[in-house]
Amino acid sequence: NGEVLKTEARLNLQSSNWNVSLFGALATGNDYRDGEGMDVAANFERLSLGASIHYRLNNRQQLSFSATRNSARDVDFPALGMDLRKDDTWLLNLNHLAEFEGGSLKSIHTTVFGSFVEHLMDNLLKPLEPRMVNASTPAETTVIGGRTETAWNLKSGFLWAGADLRRESASGSRQREFLMGPNQGRKFIDPAWQDGSISKLAIFGEYRRSLDNYSFILSSRLEFNDAGIDEVNEDFEQWYDESSVTDINPSFSAGVRKYWSQNFSTGLWLGRAQRSGSPTERFIHFLPVGSDPFELLGNPELKPEKIHQADLNLHFSNGNHQLSGDIFVADIRDFISAKVREDIQPSLPSAPGVRQFTNISRAFKTGFELHWKHSLNSKFSQQLSMAYTYAKDMDNNEPLAEIPPMEVQYKLMGQFLNQRLQPSVGLRHAMKQDRVSTEFGEQKTPGFTVLDINIGYEVSNSITLGMELSNALDEAYYEHLSRSIRAMDNRPVYSRGRSFNFYAAWRF
């Protein structure tokens, strides 16, 4: 965002048994100019206030509680048909940790949490010409749950075991008032989330053991997943026979790491994971909540996604050099994706179409990640990283949707004046992504190169100043995974052009 002002503050109070932290953050921003000199709507206001309290019950037990209030007002979404008018969120968390001596049981860690959100989107301040409809969508979402985990020091190894419970629910209806066309003067109310909810109950465990130069890890999770809709829309019912589904999702993995020397190790990991659809993937009803203005149609009959993956990785270091890499191969069954339905009309005229969530019976992924760090001397160091993923929809013999292109990042860092002056130069290059899914309605993304320059200076032990020149080359670019497309002119929403950032931190 352009001309952003961010302020954060934290105050800690501490005694022998108590630790109280009060914190707050305020951020505001407005429109920015992209690399082509076009203005992009990007206003926002965000406020966060909170507190956390830690209390030591005795030498072996701790109790903590945190509460955070996040608020947002008038947040622009240039690619969507509606903007965020307001969002008020409560985040609550209660933790208890008990540690033990003697015996195999070492600790019990229990957490109870809740998230409560009131959310309103509308298009009332959108500069629409012509304005065909006024629309707003108030929504309430709730996430509550808990988790308990035990740690055991066994003679043969270390074991973690526990259980968790999580319930997610969402409710809210979209209101449409037509100002033009055959429905002029008419008002419609559509359930956007249909009072959908998902309850998850799971048990899990992980076992680790070291033997000579080998380290072994076994882990598993068994989840009971129950999903249903309390307010089924008639239009939604015509597409599905079932609105409530119960899944049992087993997942497990095994890995071994071989330490060839103090500087070099390799690891092999095999895993099978299974997940059910999210509330958006199952319950959303003609609402654009993705990175582009396509309306999304949920599917409560989605089969759980099953991924079988193998990873081979390595780690090497010799003082001045640190190298790590990973190669993976994955076979995925019932992959959860979405496809454009040409036979379904969107609810709002600004939407280019409707995507319906569906399963792809078989998909394939492979790729690698590489990271290298190098200390040139006492003043200069450098970092290089690369990542690439190849993915294919085996059903339709085409690429999978939403796969990032190959990317290379390089950073040169310096330390001067007794490490008080820390300049850095970062170069990031993303290849073009022309492997796109026609079923998803995905568009190709051109490659780009971004240069960033940063200078930080520690004035004293308590004050730090800094300046950053972002996108120094004023590149006109946009990310493939956030390839927002404005429905009005079908133009991508480009990232910021050349911009300056200044920051100051004061610790006292």
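A salt bridge is counted here when a side-chain nitrogen of Lys or Arg comes within 4 Å of a carboxyl oxygen of Asp or Glu. By that criterion the side chains of Arg-362 and Asp-331 meet in a salt bridge, with 2.9 Å from N to O, and this pair links distant parts of the chain, since Arg-362 belongs to strand β21 (residues 354–375) and Asp-331 to strand β20, 31 residues apart. Strands (E, at least two residues) and helices (H or I, at least four) are DSSP runs, numbered from the N terminus. The model is predicted, and local features need pLDDT of at least 70, side-chain atom pairs count only at pLDDT 80 or more, and totals for chains, interfaces and linings use all residues. Residues are numbered from 1 along each chain as its sequence is written, while side-chain values use heavy atoms, with hydrogens and water left out.

Arg-362 is partly exposed because its relative accessible area is 39%, whereas Asp-331, at 19%, counts as buried.

The search of the whole structure finds 29 salt bridges. In general, side chains of opposite charge can pair when their charged atoms come close. Another example joins Asp-247 and Arg-282, whose closest N and O atoms are 3.0 Å apart. Asp-247 lies in strand β15 (residues 245–259) and Arg-282 in helix α2 (residues 279–283), so this pair ties together parts that are 35 residues apart in sequence; both Asp-247 and Arg-282 are buried. Glu-149 forms a salt bridge with Arg-147, the closest N and O atoms being 2.8 Å apart, and here Glu-149 is partly exposed at 22% relative accessible area, as is Arg-147 at 36%. Through shared partners, salt bridges join Arg-147, Glu-149, Asp-164, Arg-221 and Glu-223 into one network.

The nonpolar side chains can be followed next. In soluble globular proteins, nonpolar side chains tend to be buried together. A nonpolar core is defined as a set of buried Ala, Val, Leu, Ile, Met, Phe, Trp, Tyr and Cys residues joined through side-chain atoms within 4.5 Å. The largest such core has 24 residues, and those with the most contacts inside it are Val-75, Met-82, Leu-84, Trp-193, Ile-284, Leu-287 and Phe-357. Strands β6, β9 (133–153) and β20 (321–340) each supply at least two residues of this core, and β9 gives the most, with 3 residues. Apart from this core lies another, of 10 residues, including Ile-198, Ala-227, Phe-283 and Leu-297. Contact means heavy atoms within 4.5 Å, and Phe-357 touches, among others, Ile-284, Leu-296, Leu-297 and Leu-302, not counting residues up to four places away in sequence.

Leu-57, Leu-63, Phe-65, Trp-90, Leu-92, Leu-94, Val-112, Phe-116 and Ile-144 make a nonpolar surface patch of about 720 Å². Patches are made of residues with over 30% relative accessible area and no salt bridge, like charges being joined within 9 Å and nonpolar side chains (Val, Leu, Ile, Met, Phe, Trp, Tyr) within 5 Å; the accessible areas come from the Shrake-Rupley method with a 1.4 Å probe, and for residues only the protein chains shown count as cover. Strands β6 (61–75), β7 (83–99) and β8 (105–122) each supply at least two residues of the patch, and β7 gives the most, with 3.

Some backbone details remain. Most residues other than glycine have a negative phi, and most peptide bonds are trans. A cis peptide bond, with omega about 0 degrees, joins Glu-129 and Pro-130, and Pro-130 is found in the loop between β8 and β9. Asp-74, in strand β6, has a positive phi near 50 degrees and counts as partly exposed at 33% relative accessibility. Asn-418, in the loop between β24 (407–414) and β25 (421–430), has a positive phi of about 60 degrees although it is not a glycine, and at 76% relative accessibility Asn-418 counts as exposed.

Note on methods:
Buried < 20%, exposed > 50% of the residue type's maximum accessible area, 1.4 Å probe, protein only.
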